[in-house]
Amino acid sequence: RVEWVVSDVTSWRPARKYDLWHDRAVLHFLRNPVEQRAYAEVLRTAVRSGGWAIIGGFAPGGPARCSGLDIVQHDAESLGALLGDSFVLLETHGEVHGTPQGREQRFRFHLFMRK
């Protein structure tokens with residue numbers, strides 16, 4: 001069962017807890033530290049204890065812009081600092097994928113478990 005939620009992630013108030021949070025390139029568009037902290041607070045509220053969060057975005061050394069917009073590159077350390085003690089990093093996975101223009105982009109996924 002999948003429940004798709006369409007909302008501003010910095011102001012969403014989940015009505016229940018979820019087993020899995022999957023973010024593929026949303027957080028990296030939040031450049032303002034206030035918005036990043038709001039994202040982290042929503043994530044802590046939304047994911048149940050023992051649940052997982054997968055967060056993917058451009059890795060350090062990857063593109064500084066996406067779809068014409070500036071982004072923030074994250075690594076395990078910066079995400080761990082943002083999420084705080086509520087989450088434990090379990091795994092990271094890096095990928096390099098090619099664009100239609102033939103350029104390579106460094107991408108990184110992070111798997112966290114909610115304490």
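This is a predicted model: local features need pLDDT of at least 70, side-chain atom pairs count only at pLDDT 80 or more; totals for chains, interfaces and linings use all residues.

Student: How much space lies in the largest pocket?

Tutor: About 790 Å³. The pocket is lined by 21 residues, and the closest to its centre are Glu3, Val5, Leu20, Trp21 and His22.

Student: Which strand gives the most to that lining?

Tutor: Strand β1, residues 18-24, with 7 residues. By class, the lining has 11 nonpolar, 2 polar and 8 charged residues.

Student: OK, on to the inside. Which residues of the largest nonpolar core touch the most other members?

Tutor: Trp21, Leu27, Tyr39, Leu43, Ile55, Leu83 and Phe87, out of 19 residues in that core. At least two residues each come from β1, α1 (33-46), β2 (47-58) and α2 (76-83). The largest share, 5 residues, is supplied by α1.

Student: And what does leucine 27 touch?

Tutor: Leaving out residues up to four places away in sequence, Leu27 touches Gln36, Tyr39, Ile55, His74, Leu79 and Leu82. There is also a second, separate core of 6 residues, among them Ala25, Phe58, Ile71 and Phe107.

Student: You listed His74. Where is histidine 74 found?

Tutor: In the loop between β4 (69-70) and α2.

Student: Does histidine 74 count as buried or exposed, and why?

Tutor: Histidine 74 counts as buried because its relative accessibility is 9%, and the cut-off for buried is under 20%.

Student: What does its side chain make a polar contact with?

Tutor: The side chain of serine 78, at 3.0 Å. Further along the sequence, beyond four places, histidine 74 touches residues including Leu27, Phe58, Pro60 and His110.

Notes. Residues are numbered from 1 along each chain as its sequence is written. Side-chain values use heavy atoms; hydrogens and water are left out. On a 1 Å grid over the protein atoms alone, a cavity is a set of points where a 1.4 Å probe fits but cannot get out, and a pocket is an open set with protein on both sides within 12 Å along at least five of seven lines; lining residues have an atom within 4 Å of a point. Grid points are joined across faces, edges and corners, and a volume is the space filled by probe spheres set on the points. Helices (H or I, at least four residues) and strands (E, at least two) are DSSP runs, numbered from the N terminus. Ala, Val, Leu, Ile, Met, Phe, Trp, Tyr, Cys and Pro count as nonpolar, Asp, Glu, Lys and Arg as charged, and the others, Gly among them, as polar. A nonpolar core is a set of buried Ala, Val, Leu, Ile, Met, Phe, Trp, Tyr and Cys residues joined through side-chain atoms within 4.5 Å. Buried means under 20% relative accessible area, exposed over 50%, partly exposed in between (1.4 Å probe, protein chains only). Contact means heavy atoms within 4.5 Å. A polar contact is a pair of N or O atoms within 3.5 Å; within protein, one must be able to donate a hydrogen and the other to accept it, and residues adjacent in sequence count only if both atoms are side-chain atoms.
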